[in-house]
Structures are given as C-alpha cells and as structure tokens.
Amino acid sequence: MHKVTLIFSAIVLAFGLNSMAQAKIFMPEQVNSGVSAADLAQRHAVHWVSVEQIKRSLQNQPAMAVGFDIDDTVLFSSPGFYRGKSEYSPNDNSYLKNPAFWEKMNNEWDKFSMPKKIGIELVQMHLKRGDDIYFITARTKTKTEAVTKYLQEDLHIPADKMNTVIFAGDEPGKNNKISWMKEHNLKIYYGDADTDIAAARALNIRGIRILRASNSSYQPLPKAGRFGEEVVINSEY
C-alpha cells in the first residue's frame, strides 16, 4: 500500500511539473516594456513641468498669492455633475443653469468628489512655501456652500490657512475669474480649462495647465499646451 502511494504521488508531482512547464511555454513573449495611461499623456512635445520643477522655479522668491480652479483641477467632481445632468436635464446641459442643481452640488454632492493627487501635491508645496491660496471657481454661487469645507479636508489645509471659495460664476462671453485674480494679486493660477489660462494671460501672470481626466463629464477635453503654457506632468489624476 505504501508503494502504491509513492507511485501515485510521483505521478501527481510529474503532472504538476508538466502543467507548469506548459504554462510557461504558453506565456506571451514580452516584446517591449509596455505603456501606462500616464505614459500616453506625455507623448506630445508640450512644455511639461513637474511639481518639483515648479518648486525650484520659486526658490528665493517671497511668499505670494496663488490660485486654483476647482473642478478637474484639484477635484474630480464628475460624479456630482453626472448626477445633476441625470436628475435635472438628461437630454441637454440646461442643469448647469438650474439653481436647484447648484444647491445640491455646492452643499452635498462634493462628498462624492475625489481629490486629485496633483492638487494635494501642489497645495502642500505652496503651503510649505508660506503662499496664500485662493480657490476661484466658475460655479454658480449659492446662499450656503460646503465646498470650502470639503476642499480644506480633502487637500489637508489647516483651518487658519483656508480662504473661503470664490464663486466667480459663468457668464457667456465674459471671463469672471480675471477680476478676482487681479483683486488678490495672484502670481500663479492653476487650471484645466482654456479660460483659466486665458484669464492668467490677460493679467500677465503665470498660468499653469492641469490635465483634465479623460473620463471627466466636462467634454470635449481641452488641448493642453495649445498656448505654450506649462503643463503639469501626470496631473490627470
């Protein structure tokens, strides 16, 4: 009986080794190092910059005021916008003119927004420099808002360093962010949209592009680098 057991074990072991050999044989051959989604975003010859390069460019400069757009810049807020469109105007974008949507978005639905990694990195870099940070959004202003609270928590900003979010609004043919940038004497403004870079250039301040995630609800995607501006590498997430 013991001899039979040994023979059976040997057969099982041989079968296992043979299966492993076959599995190895049928593994596809690696022809190159492959590519990630982040790699694909870096193929075009635009003025790429990293957070570290921005930091170095500010060495020996005094503390300054810097600004950030919110949606698709420091927050991936598409879940709330997707919900708003589905609930208020599934066949068009008229929900963006609906006060009921903005009440929900500005007070509740940002709890479903995800902070972008690049937003955290940039905000923390500027905080360590002692810079004043302002968030200027084209969202419609509402009587109450929780956006300031969510940003403070998500981006790890100390309470005494957090300025209340500025709701510039969105008027056709008018870039309302310009006046707010001027009022706070911003030296740098980060944003994902063409209007963000245009506003910065109108005031001759440094406009730095953040990549909008490909699955953002805000379509079509803008052409980063089209104005020759700096584009932060790996900033789509």
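1. Two strands count as paired here if DSSP finds at least two bridges between them. Strand 5 and strand 6 pair in the parallel sense over two bridges, with Thr137 standing opposite Phe167 in strand 6. Helices (H or I, at least four residues) and strands (E, at least two) are DSSP runs, numbered from the N terminus.

2. A word on what we are looking at: this is a predicted model, where local features need pLDDT of at least 70, side-chain atom pairs count only at pLDDT 80 or more, and totals for chains, interfaces and linings use all residues. Residues are numbered from 1 along each chain as its sequence is written, and side-chain values use heavy atoms, with hydrogens and water left out.

3. On confidence, pLDDT is the predictor's own figure for each residue, from 0 to 100. The protein has a mean of 88, and 81% of its residues reach 70 or more. Residues 1-25 stay under 50, and the model has zero contacts beyond four places in sequence for them; a contact means heavy atoms within 4.5 Å. Where pLDDT is low, the predicted coordinates should not be read in detail.

4. Now the overall picture. The protein has nine helices and nine strands. Of its 237 residues, 40% are buried, where buried means under 20% relative accessible area, exposed means over 50%, and partly exposed is in between (1.4 Å probe, protein chains only). Among contacts with a separation of 6 or more, 67% are between residues 24 or more positions apart.

5. The sheet is open, with seven strands in the order 1-9-8-7-2-5-6 and parallel pairing. Strand 1 (47-49) and strand 6 (166-167) stand at the edges with a single partner strand each, so one side of each has no neighbour in the sheet.

6. Take strand 2 next. Four bridges join strand 2 (residues 65-68) to strand 7 (residues 186-191), in parallel, and Gly67 stands opposite Tyr189 in strand 7. Strand 2 also pairs with strand 5 in the parallel sense, over four bridges, and here Phe68 stands opposite Phe135 in strand 5.

7. Strand 5 deserves a look as well. Five of its six residues are buried, so strand 5 is largely enclosed by the rest of the structure. Together with helix 7 and strand 6, strand 5 makes a right-handed β-α-β unit; right-handed means that, with the strands pointing away from the viewer, the path from the first strand over the helix to the second runs clockwise.

8. Which residues have the most contacts inside the largest nonpolar core? They are Ile54, Phe68, Leu122, Phe135, Leu151 and Tyr190, in a core of 29 residues. A nonpolar core is a set of buried Ala, Val, Leu, Ile, Met, Phe, Trp, Tyr and Cys residues joined through side-chain atoms within 4.5 Å. Two or more residues each come from helix 3 (51-57), strand 2, helix 6 (117-129), strand 5, helix 7 and strand 7, and helix 6 gives the most, with five.

9. Leaving aside neighbours within four places in sequence, Phe135 is in contact with residues including Phe68, Ile70, Leu151, Met162 and Ile166.

10. On to charges. The model has 16 salt bridges, each a side-chain nitrogen of Lys or Arg within 4 Å of a carboxyl oxygen of Asp or Glu. One of these is between Arg212 and Asp72, with the closest N and O atoms 3.9 Å apart. Arg212 lies in the loop between strand 8 (206-209) and strand 9 (230-232), and Asp72 in the loop between strand 2 and strand 3 (75-76), so the pair ties together parts 140 residues apart in sequence. Arg212 and Asp72 are both buried.

11. Asp110 and Arg139 form another salt bridge, at 2.8 Å between the closest N and O atoms. Asp110 sits in the loop between helix 5 (99-107) and strand 4 (114-115), and Arg139 in the loop between strand 5 (132-137) and helix 7 (147-154), 29 residues apart. Asp110 counts as buried because its relative accessibility is 1%, and Arg139 is buried at 1% too.

12. Finally, Arg226 and Asp194 meet in a salt bridge (2.7 Å, N to O). Arg226 lies in the loop between strand 8 and strand 9 and Asp194 in helix 9 (residues 194-202), so the pair ties together parts 32 residues apart in sequence. Asp194 is partly exposed, with a relative accessible area of 22%. Salt bridges that share partners join Asp194, Arg209, Arg226 and Glu229 into one network.
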